[in-house]
Amino acid sequence: MSSNKKLFIQTLGCQMNDTDSQHIAAELEKHKDYSQTNIMEDADLIIINTCSVREKPVQKLFSEIGQFNKKKKDGAKIGVCGCTASHLGRDIIKRAPYVDFVVGARNISKIKDVVDIKGSVEISIDHDESTYEFATAKTNKYRASVNISIGCDKKCTYCIVPSTRGEEISIPVEMIVDQVQKSVDMGAVEVMLLGQNVNSYGRRFSDGREKSTFTKLLQEVSKIDGLERIRFTSPHPLHMDDDFIEEFARNKKISRCIHMPLQSGSTEILKAMKRGYTKEWFINRASKLRDLVPDLRITTDIIVAFPGESDEDYEDTLDVVNKIKFDQIFNFKYSPRPGTEALNMEDKAVPDEIGSSRLTNLIEVHKRHLEAIMPTYVGETLNVLVESLKPNGEVCGFTDNYLQVFAKGSDELLGKFVNVKIISNTRTSLKGEIIE
């Protein structure tokens, strides 16, 4: 019999939060008989899963809570989870007394225990979930997301994540392989391996086992029959050693798209950010990858106007962008975060108008790169995993190097790999004709 209790989840932020939301839904379905709904007004339980990385996360959270409280049906409960929950804890309930419980980013496994306890707050960043077997989480029918670690040991001066997710602990390899295998058995052909810093995997396990490496994990996961693609996010440029790069190049199951967070092209600003690498190291690692993987696409994150960023520092960032020619850039203008070291650098703040100008210019530079890169795919035939059906009679999917491709097609193509001859492009996607 289907459940009468309905769950609505609003996810704010990153891909790791998306997977946490999937775990929340799966845990509540398994242990508390909830089923998900996309209609908030129908829900008996509303959960906001928060992120503290983006700008003004606290204002965003309380705005969402207030709107949900106005619109929810009588008797519906509200819970707050995620990084901002870890950061604010009981203050959330003090400020919004109609919130029923708060669960931090490192306490997701406790959701089934607190959902019925009014006023419960579980936000310990020392809680170890690395050996907890969550109910299976899937992004869609053909793609699964699997956490390979919890927490973060880095001390990037602009980031609050280590103080909300705690010390980094790797999940045992056999649990990861088992989770991927279960997802494949359910129809997934692609897996996304998730961690705050995936290529420091294996440095610490809670059961005291010997250290391992991310390269070894990739080798184990790639042995799974039926798994066609392996993706991961995010690697840290500092830990991209030759063994990792060579495995990336030779392992045919690894997607030919890699996210390399640059943050800044200035060695001095990278030092102030405590990133641990230099401009030259980043260029060396990206260039080595491009040399070994000709069809590689590289995506990145860049923060402009970090405290102390001079015109010369910004030019260094543009220099890296022009040398690497990133295929996608997530651009941000620096904004201060409570609880971060960079908050104490206010005397070095870059004027807002200068920061905005730098951001606009960077976006324009990248647009020009895309306008040169994307047309080069026209006329090529690309292999595409079809993932969704659009209302206009087109299907949408992604290539091995994660180009988004549209083509005329029907639902019988969903979950299949098809060859598509590209006939046109935009800056962000391709359109083509399926070749029988």
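## The three-stranded sheet

Three strands line up as β13-β14-β15 in an open sheet with parallel pairing; strands are DSSP runs of E with at least two residues, helices are runs of H or I with at least four residues, both numbered from the N terminus, and two strands pair if DSSP finds at least two bridges between them. The edges belong to β13 (257-259) and β15 (328-333), each with a single partner strand, so one side of each has no neighbour in the sheet. From one strand to the next, the twist averages 15°. Angles here run from 0 to 180 degrees between N-to-C directions, with axes fitted to C-alpha atoms (for helices, over the stretch in contact).

Three bridges hold β13 to strand β14 (residues 297-304), and C257 sits opposite R297 in β14. Helix α13 (residues 352-373) lies across β14 and β15, running at about 175° to β15.

## What the numbers rest on

This is a predicted model, so to speak of local features takes pLDDT of at least 70 and side-chain atom pairs count only at pLDDT 80 or more, while totals for chains, interfaces and linings use all residues. Residues are numbered from 1 along each chain as its sequence is written, and side-chain values use heavy atoms, with hydrogens and water left out.

Strand β4 (residues 77-82) is largely enclosed by the rest of the structure, because six of its six residues are buried (under 20% relative accessible area; exposed is over 50%, partly exposed in between, with a 1.4 Å probe and protein chains only). K77, G79 and C81 point one way, and I78, V80 and G82 the other.

Strand β3 (residues 45-50) pairs with β4 in the parallel sense over six bridges, with N49 opposite C81. Strand β5 (residues 101-104) also runs parallel to β4, joined by four bridges; V102 is the bridge partner of V80.

## Helices α7 and α8

Helix α7 (residues 173-185) and helix α8 (residues 214-221) pack at about 35°, axes 10 Å apart. The contact (heavy atoms within 4.5 Å) involves V173, I176, V177 and V180 of α7, plus L217, E220 and V221 of α8.
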